Amino acid sequence: DTQDALNPANLDSYAKQFFPLCMSTLFNVLKTQHHLKHFGRLSLLLFLKGIGLSLENTMELWRNEFTKNPKIDSNTFEKQYAYLVRHSFGQAGARVSYSPHSCLKIIMSNVGQGEYHGCPFKTWDPVYLKQKLTELGLGSQAVTSIVESASGGHYQVACTKCFEGNYGQAPASSINHPNQYFSEAVKLVKE
Ligand code: SF4
């Protein structure tokens, strides 16, 4: 099972190949800014849990990235950031196992300044979206069609088209969950 093999060493390549745009965005911010605001942390943590990254590996990733931030030493990390990781995995607080967020929840969430937990098809302006999709290697026809759907408020349709552009095939059902995007993409490419 490919998902059992997920670990910090191959997570980058999984992120590049199989994460939907919302999660690759959060992952990139984590890796480059070594910080995410609360809802971004929560959304990415639950997604990572959902794709099968273990609590230990998630904690290692989190510690590595957050402590690269000059404002966060390992003491601060333990006090302010480690709890949410355990909490998200149901290992702290009420010990509830929280579900990864659906597209609807992500699309409906409020995204403030300096936050990245929204759906990029909604939160990015068309010019930026076009530029990013082109950078990701999608053809100009696909990019035009995706941006059109996004501008029309059809974010999940845009995401489904993006899936099709990336993997040459439509997903089994249209995208309504980032973890669905991931598992369908892995299945298509790896099996
Ligand atoms: Fe993520 Fe869903 Fe938006 Fe796709 S449609 S980017 S999976 S929130």
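Start by selecting the ligand, which sits in the largest cavity. A cavity here is a set of points on a 1 Å grid over the protein atoms alone where a 1.4 Å probe fits but cannot get out, and sitting in it means that more than half of the molecule's atoms lie within 2 Å of its grid points. This is a predicted model, where local features need pLDDT of at least 70, side-chain atom pairs count only at pLDDT 80 or more, and totals for chains, interfaces and linings use all residues. Residues are numbered from 1 along each chain as its sequence is written, and side-chain values use heavy atoms, with hydrogens and water left out.

Next, show the shell around the ligand: Pro20, Cys22, Cys103, Ile106, Cys119, Pro120, Phe121, Tyr155, Gln156, Cys159, Ile175 and Pro178 (a heavy atom within 4 Å). Colour by class and you will find 11 nonpolar, 1 polar and no charged residues. Now switch to cartoon: helix H11 (155–167) is one of the helices supplying at least two shell residues, and H11 gives the largest share, 3 residues.

Finally, move to Phe18 in helix H1 (residues 8–18). Is Phe18 buried or exposed? Phe18 is buried, with a relative accessible area of 0%. Beyond its neighbours within four places in sequence, its contacts (heavy atoms within 4.5 Å) include Tyr167, Tyr181 and Phe182.

Terms used:
1 Å grid on protein atoms, 1.4 Å probe; cavity = no way out; pocket = protein on both sides within 12 Å on 5 of 7 lines; lining within 4 Å. Helix = DSSP H or I, 4+ residues; strand = E, 2+ residues; numbered from the N terminus. Nonpolar A, V, L, I, M, F, W, Y, C, P; charged D, E, K, R; others polar. Buried < 20%, exposed > 50% of the residue type's maximum accessible area, 1.4 Å probe, protein only.
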